[in-house]
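Welcome! Open your viewer, keep the selection tool at hand, and take the stops below in order.

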Amino acid sequence: MRCLALLALALASLLPAAAEAQQRTRLMVYTALENEQLQPFKQAAEAALRDIEIAWVRDSTGVITARLIAERANPRADVVWGLSVFSILQMEGLEMLEPYTPVGADALRPSMRSDRNPMTWTGMDAFVSAICFNTAVAQQRNLPRPSTWEDLLNPAFRGQIAMPNPNSSGTGFLTLAGWISRRGEAGAWDFMTRLHDNIQQYTHSGSSPCNNAARGEFGVGISLDMRAVTLRNQGAPIEIIVPTDGVGFDLEATAIMRGTRNLAAARRLADFAVSRPAMEVYGRYYALLALPGVEPTVRGYPAAFAERLVDADFRAIAQERDRLLRDWAARFDGKSAPRN
Amino acid sequence: MMSDAALSRPRLSLDQALMRGGLWLAAGFLAIFLVLPLGALLMRAFETPQGGFAGLANLAAYVTTPALLVAAWNSVWTAALTALIVVPLAFAFAYALTRSCMPTKPLFRAVMMLPLLAPSLLPALALIYLFGNQGMLRGLLMGNSIYGPIGIVVAQVFHCFPSAALILSVALSTADARLYEAAAALKASRARIFRTVTLPGARYGLVSAFVVVFTLVVTDFGIPKVIGGQFPVLATDVYKQVVGLQNFNMGAVVGLVLLLPAVIAYALDRWATRQRAATLSGRAVPLRPAPRRARDLPLLALCLVVAALLVGIVGVAVWGSLIRFWPYNLSLTLDNYDFTRFDAAGWSTVWLSVRMAALVAMIGSVIVFTIAYVLERGRQDGALPGMVRFAASVPLAVPGLVLGLAYVMFFNHPANPLGFLYGTLAILVLNSLVHFYTVCHLTAVTAIRQLDPEFEAVGASMRVPVWVTFWRVTVPICLPAILEIAVYLFVSAMTTVSAVIFLYGPDTKPASIAVVHMDEAGQASAAAAMAVVILGVTTAAKLGQLAVGAVVGRVTQAWRR
């Protein structure tokens, strides 16, 4: 009997604590933002919207997207704030987004907001695929510094490059999409076939190529631009190179989930997400912001950064996604033994 | 008419009715928390992404993927090779622990569990530091890369060793000395005694260990993801489909394919059951090994080597948590343990994990052992026992990703009356309990099967109700095994990632998830530090088990001596 009582007690402790008296609306916000960005974003939003509290659920793009789609029947997230536009478009296709045009969203760059009326999503900032270049390894192995994607075809890089497998990682797909937008499909496949000879590993994780390039496991990692900041702060001999021959880019975007139980509060957060104060916070981490006229304060980006971005039709690419990935897998996946 | 039919049926005794009722409860528990969620997800293998009926189209699409056969073959041979390395090694280790008189056995018993005590990222990091392209010992690989099958097998051997050793040490821990005396009186050689008495006695454990290791390797995606490079295996196919492509239908197809090992395991289990006889009859005289240098010294040497390897790998990772940045700045620091610098949740994730793991252990050991008991000692007629037995062997073959996703879809469904569990700590607890069910179940079954059913028969003839026999005889005798189960659940819940990654909420993020996040963010040293903190907690639990076990042993196991 005592055991049963203990068990009952244990079970009771599992149930959520009786909601403490609070007036603030708690918004469940799903995100794939970097961990270090969560606190500043939350503080800025809560300072502007005093009666709203942000509760983050953060994970990698793939996991959080899978989770949102799995929860579709009964959405738990009120707002998605900081997720790849490709994921957002996928959810748009599944009718998972609540249409709403946030106040001030018309001022955003046209390429960085939803083309529907009312809008289904709004952009925050852009991040691009980039090359993480380990200068210590380069010195050791006499690798030239690449400044374009084309440079990576140099035989000196044989077995030195890691890139994310587009079938496992959004970063990998973004890179692939950039090459296709720039070179056309045939040109991109030709480029990748030649690049394949220099690849040491197609990794499953989008962050692994840069993290492991920083550790000297690879000379070159293809990843996202903002990855390298954390690594350099720790003392990694890593240089982030935004290739001059056109880079694929992705947007961080905001959307309201259809079925949210806090629609009014969710709309106010969506309003905040396109406002100037919010853009100033994004500008601490990202070099290209959705709202023109806000000067980013992040450092280490070339002045003409925005011009290197390829013209991308996100919706067209998102619709082709399945076929492109199948083609990629048929050409490069699982066919090659690991190289040394 | 109906009541006549009911009356004419042979009446169950109260005991039997109770056991049958218990079995129904067990079946209900496994149905709600395992079979239904999993079934709902796996049904998606036969649906289109829009929810329409697809028939076998998805399966056909998957089977015709050229890479599938490669991945399936890779999964099978790496798993078989791992099992062939691990099982004999674990058997020797368990044999030394149970049948020799070597010194410091409790210490080895604790060290044996080390790989289970730490999140899987920890050995992966250690292997990169040791054998990666900048690794300290990369020369040992003679030009081969650690990223690929070599890395997978090495990491899996490390990862699976405790599970195999745990099962085998339970299987070897009880033996009837009379058999050995008889064999010795018949002048059988030691080799012959080993072959004809020891091995058959441990046969069930050997089969279980082999099946467990094989299945663990086939379903684990964490190790191939981090250290396997692009070496394709089935488990990473699930990852690709679910996390890369958000294609749950194809993910379900691969999940279904991965259930094959569970079906084979079940068949093997039934086969082993038919072969067995209760090892420990009521008249058994417990075997007490006598010191013998020719046996004890080599076994001690072997255990020392194994222990040194296990401690070495963990040691490298602990060192990795104390350096600033591998391999370019090896100065020592404690900054990596100031977790608020990397994750706003900071240390609170650790406390959450401890609470969750403690609940899994408390609730889980009660549920697992009771279910194993009603299953083993209840009447075996009808389909129910077989179904429960099969259900209990399934979780091992389900990749965590699939189980996590299944829980989201099942418990978050608007029509589910248990929906209130979703988003709470309870769902994490139940999910972890079910995820690690099989090994615990096998441990409990192995322990119970070693007891002669005569205990219950005697109890019944003395008109002692079955629950009294259970409570006063079975539980005390099996207390070491129950303790083992509780601690196994505790450490597994502390380190689990793959299923709970879909289930945690803003206030229920476990430390093991924080480890993954920090590693993704490029904070390898901080991730190692958090992993070391988890290791500290689990080690404390393990040492606690040893201390409690010593007391319990003195109180309840005196009859064995």
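This is a predicted model: local features need pLDDT of at least 70, side-chain atom pairs count only at pLDDT 80 or more; totals for chains, interfaces and linings use all residues.

Residues are numbered from 1 along each chain as its sequence is written, while chains are lettered from A and ligands numbered from 1 in the order in which they are written.

**Stop 1**

Select residues 121-131 of chain B, helix H7, and residues 149-173, helix H8. (Helices are DSSP runs of H or I with at least four residues, strands are runs of E with at least two, and both are numbered from the N terminus.) The two helices pack at an angle of about 135°, with their axes 10 Å apart. Axes here are lines fitted to C-alpha atoms, for helices over the stretch in contact, and angles run from 0 to 180 degrees between N-to-C directions. H7(B) and H8(B) are therefore oblique to each other.

Their crossing is right-handed. (A crossing is left-handed if the near helix is turned anticlockwise from the far one by less than a right angle, and right-handed if clockwise.) Now show the side chains of B:Pro123, B:Ala124 and B:Leu127 in H7(B), which meet B:Gly151, B:Val154, B:Ala155, B:Phe158 and B:His159 in H8(B). Residues are in contact if their C-beta atoms, placed from the backbone, lie within 7 Å. By class, this contact has six nonpolar, two polar and no charged residues. (Ala, Val, Leu, Ile, Met, Phe, Trp, Tyr, Cys and Pro count as nonpolar, Asp, Glu, Lys and Arg as charged, and the others, Gly among them, as polar.)

**Stop 2: helix H17 and its partners**

Next, select helix H17 of chain B, residues 348-377, together with helix H2, residues 14-42. At what angle do H2(B) and H17(B) pack? The angle is about 130°, and the axes are 9 Å apart. H2(B) and H17(B) are therefore oblique to each other, and their crossing is left-handed. On the H2(B) side, look for B:Met19, B:Gly22, B:Leu23, B:Ala26 and B:Phe29; among the residues they meet in H17(B) are B:Ile367 and B:Arg377. Eight nonpolar, two polar and one charged residues make up this contact.

Contact residues include B:Phe369 and B:Tyr373 of H17(B), and B:His441 and B:Arg449 of H21(B). The contact holds nine nonpolar, two polar and two charged residues.

**Stop 3**

Zoom in on B:Thr104, in the loop between helix H4 (66-99) and helix H5 (105-112) of chain B. Its phi is near 55°, a positive value in a residue other than glycine.

Then go to B:Pro327, in the loop between strand E1 (323-325) and strand E2 (329-332) of chain B. The peptide bond from B:Trp326 to B:Pro327 is cis, with omega near -10°.

In chain A, find A:Pro118 in the loop between strand E4 (97-98) and strand E5 (122-134). Here the peptide bond from A:Asn117 is cis, with omega near -5°.

**Stop 4: the two domains of chain A**

Colour domain 1 (24-126 + 249-302) and domain 2 (128-247 + 318-332) of chain A separately. Such bounds come from an automatic or database domain assignment. Their centres, taken over C-alpha atoms, are 27 Å apart. Where they touch, 13 residues of domain 1 of chain A are in contact with ten residues of domain 2 of chain A. The largest share of the domain 1 side, three residues, comes from H4(A).

**Stop 5: where the chains meet**

Finally, show both chains: 56 residues of chain A are in contact with 60 residues of chain B. Which helix gives the largest share of the chain A side? H3(A) does, with seven residues. By class, the chain A side has 25 nonpolar, 22 polar and nine charged residues.

Conventions:
Two residues are in contact if their C-beta atoms, placed from the backbone, lie within 7 Å. Angles under 35 degrees count as roughly parallel, over 145 as roughly antiparallel, 65 to 115 as roughly perpendicular and the rest as oblique.
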